[in-house]
Amino acid sequence: MEDTYDVVVVGGGPGGEVAADRVVRSGLTAVVVEAETVGGECSYRACVPSKALLRPGAARAAARSVDGARQAVAAALDPARVLARRDRFTGRGDDTGQADWLDGAGIALVRGHGRLAGERRVEVSRADGTVRTLRARRAVVVSTGTEPVLPPVEGLDGIGVWTSRQATTADAVPERLVVIGGGVVACEMATAWRSLGSSVTLLVRDQALLTGWEPCAGEEVTRGLGDLGVTIRFGVSAVRVARDADTRTVIVDTDDGTALVCDEVLAAVGRRPRTGDLGLETVGLPAGDWLPVDDTCRVTAVGGDWLYAVGDVNHRAPLTHMAKYQARACAAAIAERAAGRPARTGGLQPWSAEAERVAVPQAVFTRPEVASVGLTERAAREAGLAVRAVEYRIDDVAGAALHADDYRGLAKLVVDETRGVVVGCTLTGPMATELIHTATVAIVGEVPLERLWHAVPAFPTVSEVWLRLLEAYGL
Ligand SMILES: Cc1cc2nc3c(=O)[nH]c(=O)nc-3n(C[C@H](O)[C@H](O)[C@H](O)COP(=O)(O)OP(=O)(O)OC[C@H]3O[C@@H](n4cnc5c(N)ncnc54)[C@H](O)[C@@H]3O)c2cc1C
């Protein structure tokens, strides 16, 4: 059986859903092929459950940081209720609601594993053993996301190691958890499970957390995790793990000659594209690779203007909001080209995801929160920009002290001196994840600092840090 649609989307995560929705809104037909759950990794095994696990600890800490409220929240978190609340967000993997949403939006859904079968064709292997062929009149959009990689640790695949999936969906709190990694997932999950009562040890190969961010981000999270009671061992790697068949405990041998005893091991060391079994070789591409794209998300290595890739799989910005941004641009480009227009890029057209070259906002829900957008000072200098960085302690803003008795936070602004505009911002502290959007607007809007000066933050809000940063810059 062969069915034809204008657009065939392989992978129904945030990128795929939005791409399909936007092409249908433009008057084209679309089908989504999904192998597991409509909504993707994000809804059930990544962003949503991780933030659901983190929020109760953050809410408790926020109350405890205000005298008078502190005394009202003396008890620890209730793990059973926290896990139950998380399950209310994820439906324990039941994607009926999101499948219904596709239906309501006029998008067809074919469940099964999709593989490219030459130009504009996708074969879907279904659970009942049948294969259905889909033909795309206009485009195939690949949005298959990523999967975790395991570090080269002897015995890791034999102990039932946790990846991000188990770390976000587990039904019980491990008494002792060892986390391998020092990136966002490692830091957030260490925070979440420690808040729920686990004894957590972080094994970090590098000498800092959140490498690639401004150093202050990793330093503040290191301090925050320490305050929570997480043990962090920098410059240490696991070399061997084994689970005792009787006690179910795991022994983790490290390269500094020590051994740790724990109940679960979480490996959070990176991800690879889910393109290993995608039929890429049928269109002349190597299996298992990322899919580099242009600003309209068209796969650059394939001619003929029909293959697009959005979301994590194109390796541009592995975040849900950027997957959706790319999907909006990709769908607009497909619609433009279907109408015989060229969809040229440049000048922030709706069919171009080029703003992510300058502004990818990222939010980390550790305690303290950290958030960033644009370039770090180091990356800006490496890019050849003449920049000046200014820092301001957010705790010195009146609104911050009113917000929390022990407010601690830092703001760093990176200014392109040549153009007089902000090119990067990093914030740490309570509500950093909410405050960062101001910086995104300033960067994408290329707002001159002299004009930004006239955007007056309300008193007494934490946003007054913007006034202080501009004063620190010299305005
Ligand atoms: C623990 C964790 C926490 C995170 N938290 C955040 C956060 O707070 N904010 C944020 O912005 N990002 C977060 N991320 C990143 C975010 O999850 C991803 O950026 C986002 O899910 C990418 O969306 P996507 O559509 O590209 O892929 P996915 O969400 O991975 O969806 C891909 C879909 O494709 C399907 N699929 C794969 N191969 C095939 C095939 N051959 N045939 C059919 N279907 C297929 C999969 O089943 C899946 O449903 C987090 C990631 C992790 C691991």
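1. Basis. This is a predicted model, in which local features need pLDDT of at least 70, side-chain atom pairs count only at pLDDT 80 or more, and totals for chains, interfaces and linings use all residues. Residues are numbered from 1 along each chain as its sequence is written, and side-chain values use heavy atoms, with hydrogens and water left out.

2. Aromatic pair. The whole structure holds one aromatic pair. W162 and W193 form it, tilted, at 5.5 Å centre to centre and 55 degrees between the planes. W162 lies in the loop between β7 (146–148) and α6 (164–169), and W193 in helix α7 (residues 184–195), so the pair ties together parts 31 residues apart in sequence. Both W162 and W193 are buried. (Rings of Phe, Tyr and Trp, the last by its six-membered ring, pair if their centres lie within 6.5 Å; planes under 30 degrees apart are stacked, over 60 edge-to-face, the rest tilted. Helices, H or I of at least four residues, and strands, E of at least two, are DSSP runs numbered from the N terminus. Buried is under 20% relative accessible area, exposed over 50%, partly exposed in between, with a 1.4 Å probe and protein chains only.)

3. Strand β20. Seven of the seven residues of β20 (residues 410–416) are buried, so the strand is largely enclosed by the rest of the structure. L410, K412, V414 and D416 point one way; A411, L413 and V415 point the other.

4. Its partners. Strand β19 (residues 387–393) runs antiparallel to β20, joined by seven bridges. Strand β21 (residues 421–428) also pairs with β20 in the antiparallel sense, over six bridges. (Strands pair if DSSP finds at least two bridges between them.) V414 stands opposite A389 in β19 and opposite G424 in β21. The β20–β21 hairpin has four residues between the strands, and G420 takes a positive phi near 70 degrees.

5. Salt bridges. The search finds 44. (Each is a side-chain nitrogen of Lys or Arg within 4 Å of a carboxyl oxygen of Asp or Glu.) K51 and E188 meet at 2.7 Å, N to O. This pair links helix α3 (residues 47–64) to helix α7, 137 residues apart. K51 is partly exposed at 25% relative accessibility; E188 is buried at 4%.

6. A network. E36, E41, R45, R165 and R274 are linked by salt bridges. Within it, R45 and E41 have their closest N and O atoms 3.2 Å apart. Both are buried.
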